[in-house]
Structure formats: C-alpha cells, structure tokens
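Visitor: I am new to this structure. Could you show it to me and walk me through it?

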Amino acid sequence: MSDAYRDASLPLAQRVDDLLGRMTLAEKVGQLNQVPDRPPWSDRIEQLARDGQVGSRLLASSAYAGSDPQNLSSVEALNAVQRVAVEQSRLGIPLIHGRDVIHGFRTITPIPLAQAASWDAALVEAANRDAAREATAAGVHWTFAPMVDIARDGRWGRIAEGYGEDPHLAGVMAAAAVRGFQGPNLADGQSLLACAKHYVGYGAAEGGRDYNATEISDTTLRNVYIPPFASAVAAGCGSVMSGFHTIGGEPTSGSHYLLTELLKGELGFGGFVVSDWGSVWQLMDQGLAADRREAAELGFTAGVDMDMCSEVYLEHLVAAVEAGRVSRERLDDAVRRILHAKFALGLFEHPYTDTGRAAKVILAPEHRARARQLAAESIVLLKNRDGVLPLAADLKHIALVGPLAETTGSLLGCWAPGGRAEDVVSLRQGLQAATDAEIFCNTDQADVMINLARKSDLVVLALGEHSWRSGENQCIQTLALPEGQEPLIEALARQGKPLVVVICAGRPIACPLAERLADAVLFAWHGGVEAGHALADVLTGKTSPAGRLPVSVPSSVGQVPIHYNRLRFGRWQNPKDGRYIDGPTEPLYPFGFGLSYTSFAYDDLRVSPERAGLGQTVEVSVQLTNTGGREGTELVQLYVRDCVAQIVRPERELKAFARVTLGPGQSRRVSFPLGFEQLSYSGRDGQRRLDAGEFLVWVGPDSRATLQGRFEIVQCKGGAALTLRPSL
Ligand code: GLC
C-alpha cells in the first residue's frame, strides 16, 4: 500500500496530515529552512537534501538579486538536487525553488510602478502569466512577488517595485499579479506560487532610507498599508514575506500581532510566511534577541514559518521544541502550511522540470508583444504643448539625444536578475524602426547635441536614471534628475526647436524645469525589453498615451512625503494655512494624472439612491465623451470622501476606476457601484465600519476631479447604519 501522501487522488489536507504524521522533529524543522544558491550552501545542498534538512532553495547568489548579476542554476542542476531530495531522502519531500520574478523572467516587462501606471489589471495579469510560463521552464516554482508596499516617498529606491501610493490601485494590481502568477491551476507546471511582500508598511521607512524604522498607527496600517495585502490574500496568494523593518519599535519579522493575529487570524491567510533574507536572524541586530537561538524562537513564535537564508531555525528549533519553548502545534502548523503549498503546486507529482520547455517559451514573440503593449500603456504623457505629439509623419530629421537615448541594460529595471541587455530594444532602435525620419543621436556631448538639434526638426531628449540607481538599497536625497541632465534641458530648449523630454526612471523624478521649458514631457519609467518600441509607439501615435500616475510627482523633495489621499485638514478655510511659504504645496503632477492625444468631457454625474440604508449599493455614474479628433483611452476615476466618521478620514480616496476607449465624438455612461466594501473603513477598534452620514463623490480624470455628487448613508430601520464586521 503506497503511502497515502503520495496518492494524488486524495484531498490535499489528507495528504498533508498523512505526511506530517510520518515526519520526525528534525525533518519538520528541515522544511522551514531555505538556503541561497551560493557557497557554502550550494556545496552542502545535496547532503542537506538527502538528510531532509532543507525545504527550499532561493535561486539567487546574492541578497541583492535585483542589482547584482546572478548566475542562474541550470535546469539540469536543479533537477539533480531535486532528485536527491525526492529519491534519496527518507520521505522524498521535494524542494520548492523560490526566485525574484518581479517584472518578467527573461522577457523583462516594465517595473511594477510602471505597470501600475497602466491601470490595466487584465494586462498586468497576462504579463505575469507570461513570466510564470518562462520562470517555471527554468525550474522556478515560487516567486517573491507581487511587492505591494504602499509608497509615498520617491527617495526610497523600492518605490519602483510596488504599485504606488494608493491602496485601491495597489490592491487591484496585487490581485491581478497573484492571478497571473498562480493561474487557474497552480499544479499545471506553468504557474508560480505568489508571495505578497514585504508585510507590512515597509514603504513608510523613515527618510526614505531602506530597511529603516516606520511609525504607523494601527488605523493607518489597516486603512492604507494592509489593504493591498488583503487583496492579494483574497486572490489566493500562497505566501507572504515579512519585512526587515520595524513598526513602532516592533520588527515585522518578530510581531505576533502582525503575523499571527492580523495576517493569519483576521485576514484568514492560510498560506505560509517566509522571512525576508535573514530578517529573523536580524532580530539580534534590532536588539530583540540576544543570540541566534532567541532570534529563532522569537521569529517562529511570532509567525514566520520559513527562515530565508539564516539557518537559525535549523540550528535551534529542534531543541526549542524539545525544551517546550516552542509548541509542537506551532511547528506542525508551519510545516502544514509549507507542505500544503508543495502539494498544491503538484511538486510531488512533477518535481522535475522538463528541460525542453525553456526553448519554446523564453522570449516568446507573444511575451514580447505583451511586454511592448504594457510598456506603451504605462507611459504617462505629462505635457503636450500645442499638440507637438504625436510626431508629425512628415518630420525629416529628429535629434534623439541624452544619456538614455541608446542605453539598453539600464531600461531593464531594478529587479531583472534573469534579464539581458542584448534583449532590450533601445529608444534609438525603437524610434528608427517607427519613422522614416533621419535620427541624429548623441548620448554624452552637450555641444554635439546642440548641433544636432540645430539641424533637426524636433528634439527628443532621453533623460533619467540607470536601473541600478533604483530598487533595493538605492535611496537618494533628492528627486531631481541625476547631475548634469538639467543643463541639457536648458541648452536644448534654447535652440528653438520643439523639445520632447522623456524621463526613464524607477521613481517620480521631480523636474519642474522640464515642465517649464519642454514642449512635451513623458514618464517612460524602466520599460523592459520592449522599452524602445513602446516609446516609439506612443511618440508616433500608434498607441495613444493612456498612462496615469500611480504616485504624486512632487515639485521638489521638500514636499516629501506627499500623497493625494491625505487626511482631512482642520484649517482649510484660510488658504494660507498649512502651506509652504517658500514654494508650491501642490505636487508638480497629481496622482492619477496623465494626458492623451484626444480630450474627454465628463458630464451629468448621477448618484442613486441619494439616501441609502446599510446593505444598499449606491450607484454613481457619469457621461463620458471623447471631444477630440482621435480615438483615446480614458481612466475614469471615482473618488469618495466620508464626511462623518469615527476617525479623521482622507480628503478623498480612489474607490473605483474604469479604462474606457472611445472614438472621436463617441459618448458612454460609466457607472460605479459603491457598497460596504468600498465605503467602510477600519475604526479605532480595528473593526470595519460604516457610519451614517454624508459622503461626497467626484468622478474625473485624476485626483483633482471636480465633478461632484453626494449621498447619505442613513440610519436603518430600528438601528444605526453602523455595522461591525470582521475587520478587513
Ligand atoms: C531581498 C529583498 C526581497 C527579496 C529577497 C530574496 O533582500 O528584500 O524583496 O525577495 O531578498 O532575493
């Protein structure tokens, strides 16, 4: 009789329990141990696997996989060690291979911040599906994505990896990414277990300095930073990664409240928690553990199920359980969660990777096509004076100049460990392929650029930062363009030719000079392998720009932290109150902003009913009309203000949006339902609540929308409209 856990016809829970019942204490702890793909672990990996002392391999040769060149283990090499685990260990439990597949595997797509700028959840899902197909062909089972940290500070290099400042947009993107990675059938051999990270509040790091402390109140945590994780969990995300940082003096990788009570309890998260690289061991650095043993016991008891790359669990948990300092129930719970993921992935049925699949899927044409579409949709047109764009078809000479005009590798973005510079279409290649005009190019000599501008009909100035100036541990003190780039704007603007400034970066670069002097300004982010084609598609009008900002763009770093959904302000009556006296208070470009090549009108906002009891849905609708001469896609955005609440609520919050494409003159009514989910918030006691009172709504093209409506949540018959529901 074969062992029940090997019987794929049995329910997963039964297989998990059968296997768990057969495991020794040491084998259980072995499943909690993840090791990196580098010496000395890679030298010992076969013995660890044979002895059942490792549960997972992290396919990264350094803790900075986002910016250090990585040497991928071959599929054959991965299969060889997997064979040892499956065929030579006592119970044959397969290893789960984790890797950072953040925005594409080999077909590198735009950075997640750019993906959020597309506001196109379906496309983000499809692009992450492509990434899963490629990564699984290379032996990867689990990705450490999506990163869903809300970020309001562009100095923080990791703002590039997340979906921006807004909980609703980030939640929509998080769910789309999870669906893309995990697919409809996690066990189909082409899907990746997803991992929402870095739980929770990492983006609020003090001073925008990575890994630093945060101070987040519980209501802000629950109303701003938790929601994208809640969306990922609701989408079935199989794992969550705890962070390096602290909240109010408590390390997120050592917090029983955050990991067990909130995530696994209130949010009902049934997957497993993996630490960030060494973040359990670092509890010692944070002063909460005197030694590795205490760090292991603290992190594990708090709720971190798997230890990423510090081996403190392997060293100390057996003894801790035997001594009664860690409960056997807690150990079984952690092992059960990890085994469940391995069964759900089908690893017991297909532990080895088909070595022939990669050639068929890596850089597949349809993957590149999707990457191109997503990169084009992520581009945000911020200025277009006198319709200088799209480029006139009869242009004869274009000067494409600036430090990023021909670059390739630096367009890959900050987390592209599997990407290659030779795969990237540069801006020059893209523009040349898209126009018959003669392209004059120079990347590093200002006087040459000026001469090229003088003999051209139009200048495209490609500025920005290298991928490796963004991402993990790449935090900066200003948000200006890198040194030497602003003088290029001034010099070229003096040549009297139409000037198009393209900024390629992993953060909201503050460049009021470009806004003032250029005729057109575009944020093209780090667009991945198809960056050049995508930019050319937008510049030539093949694709009408539809990108909208997922973050507020400040006019200077002095405005940071800056975000549109700030809490209501007590002294708004006097316009001078609470404002800077030495510069603008409003952002250079607001959240949700972006232009297209046409124009749209919003009319006839309707709210029904205007008085709603609990349980009713309020419908808000607006008439949208394309009033321009070209087809265009508009991001219709709905913002809400809860006017009477138990805690101070934001001036306005995005609660819904719709991507609407209309031809010239076409008109459509766009409707949004608002129910408890959209209108409730987490109150002082952490419970979701909806209070009776007035709500204001705005519908428009960005977070400054002015077309306003109102409705009221009224007392229900026999009771208040207030309801207490399980929080989140
Ligand atoms: C890094 C990052 C995390 C990544 C992990 C594995 O330190 O913080 O986002 O997934 O290590 O590479």
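Guide: Let us begin with a term: buried means under 20% relative accessible area, exposed means over 50%, and partly exposed lies in between, using a 1.4 Å probe and protein chains only. This is a predicted model, where local features need pLDDT of at least 70, side-chain atom pairs count only at pLDDT 80 or more, and totals for chains, interfaces and linings use all residues. Residues are numbered from 1 along each chain as its sequence is written, and side-chain values use heavy atoms, leaving out hydrogens and water.

Visitor: What percentage of the residues of the chain count as buried?

Guide: The chain has 728 residues in total. Judged by the cut-off of under 20%, the share that counts as buried is 63%.

Visitor: What is the radius of gyration of the chain?

Guide: This value is taken over C-alpha atoms, and the globule rule is 2.2 Å times the number of residues to the power 0.38. For 728 residues, a compact globule would have a value near 27 Å. The chain agrees with that, at 26 Å.

Visitor: Is Val-622 buried or exposed?

Guide: Val-622 sits in a strand, β19, which covers residues 618–626; strands are DSSP runs (E, at least two residues), numbered from the N terminus. The relative accessible area of Val-622 is 0%, so this residue is buried.

Conventions. Helices (H or I, at least four residues) and strands (E, at least two) are DSSP runs, numbered from the N terminus.
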